[in-house]
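Thanks for coming, everyone. Have a look at the model on the screen, and then I'll walk you through some of its side chains.

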Amino acid sequence: MPRDSVDLMKPAEILDLIRQSGIVPIVRCASEEGAVRTVEAIYNGGLRVVEITMTVPGAVRALEKVTDRLGDKLVLGAGTVLDPETARICMLAGAEFFVTPSLRVSTIEIAKRYSKPVFPGALTPTEVLAAWDAGADAVKIFPCGSLGGPKYIKALKGPFPHIEMVPTGGVNADNIGDFLKAGACAAGVGAELVDNRTVAEGRFDIIEERTRKYVAAIAAARAEIKSAAGA
């Protein structure tokens, strides 16, 4: 990573790329064009996975534009997907995976019907297990920061070592390594990477540089995990 092309990837390959990346950048901003340019900055910063939330005005058009410009180079996801109808619209716009803030089984079912990875949101142990049993490829633990961050992931991985988790909320460049060490397969990062002010000011160079810092932090954490495993 980064690889030159992600065209025609199978669901398992998409999941592997997300695991390798260790991060799902969340693009939530105030304009369609801002979202597109933010994705380009994240790509230039070295990541090949990104999520555009449905709260972005013109989000579906943003998905279409990113697909046209970077569709064979980047795995594009749709976030804040609240229902199966929205999931299907996003698929047709180019989304390859889906992230939801809560557990809705019908949204998981449509993702599975079309062989697309889906990360439903859950928080409690009961919700996490229900999401996994319903077919989640990974479970978005949200809002994770409110319940202790990495410590909460470590606690959940005790009874659920088989469940892939993507903690979201409270993740930044300083602690993303701690989430990975706690057992997360990747972490969702929003405003700490992409904030409205930076996008509005057109400072996409800042977002690119922040992306590089996350890539470096993840690489350092992975090296520590590997070293500890070999000790």
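First, a term. Buried means under 20% relative accessible area, exposed means over 50%, and partly exposed is in between, with a 1.4 Å probe and protein chains only. Now the ground rules. This is a predicted model: local features need pLDDT of at least 70, side-chain atom pairs count only at pLDDT 80 or more, and totals for chains, interfaces and linings use all residues. Residues are numbered from 1 along each chain as its sequence is written, and side-chain values use heavy atoms, with hydrogens and water left out.

One more term before the tour. Helices (H or I, at least four residues) and strands (E, at least two) are DSSP runs, numbered from the N terminus.

Let's start with helix 7. It spans residues 150–157. Which of its residues are buried? Tyr152, Ile153, Leu156 and Lys157. They sit on the same side of helix 7, because they cover an arc of only 135° around the axis. That arc is taken from the directions from the helix axis to the C-beta atoms.

What covers the buried residues of helix 7? The cover includes helix 6 (125–133), strand 7 (139–141), strand 8 (165–167) and helix 8 (176–181). Contact here means heavy atoms within 4.5 Å.

Next, the rings. Rings of Phe, Tyr and Trp (its six-membered ring) pair if their centres lie within 6.5 Å; planes under 30 degrees apart count as stacked, over 60 as edge-to-face, and the rest as tilted. By that rule, the count is one aromatic pair. Phe97 and Phe119 form it, tilted, at 5.8 Å centre to centre with 35° between the planes. The pair links distant parts of the chain. Phe97 is in strand 4 (residues 97–99), Phe119 is in strand 5 (residues 118–119), and they are 22 residues apart. Both Phe97 and Phe119 are buried.

The test is NZ of Lys or CZ of Arg within 6 Å of the ring centre and within 35 degrees of the ring normal. Arg88 lies over the face of Tyr114, 4.0 Å from the ring centre.

Last topic: salt bridges. That's a side-chain nitrogen of Lys or Arg within 4 Å of a carboxyl oxygen of Asp or Glu. How many are found in the whole structure? The search gives 13.

Take Lys65 and Glu33, which meet at 3.8 Å, N to O. Lys65 is in helix 3 (residues 59–70), Glu33 is in helix 2 (residues 32–44), and 32 residues separate them. Arg69 and Glu40 also form a salt bridge, at 3.0 Å, N to O. This pair again links helix 3, with Arg69, to helix 2, with Glu40, 29 residues apart. Glu40 counts as partly exposed, because its relative accessibility is 25%.

Now Glu224 and Lys181. Their closest N and O atoms are 2.4 Å apart. Glu224 lies in helix 10 (residues 204–230) and Lys181 in helix 8, so the pair ties together parts 43 residues apart in sequence. Finally, a network: salt bridges that share partners join Glu32, Glu33, Arg61 and Lys65.
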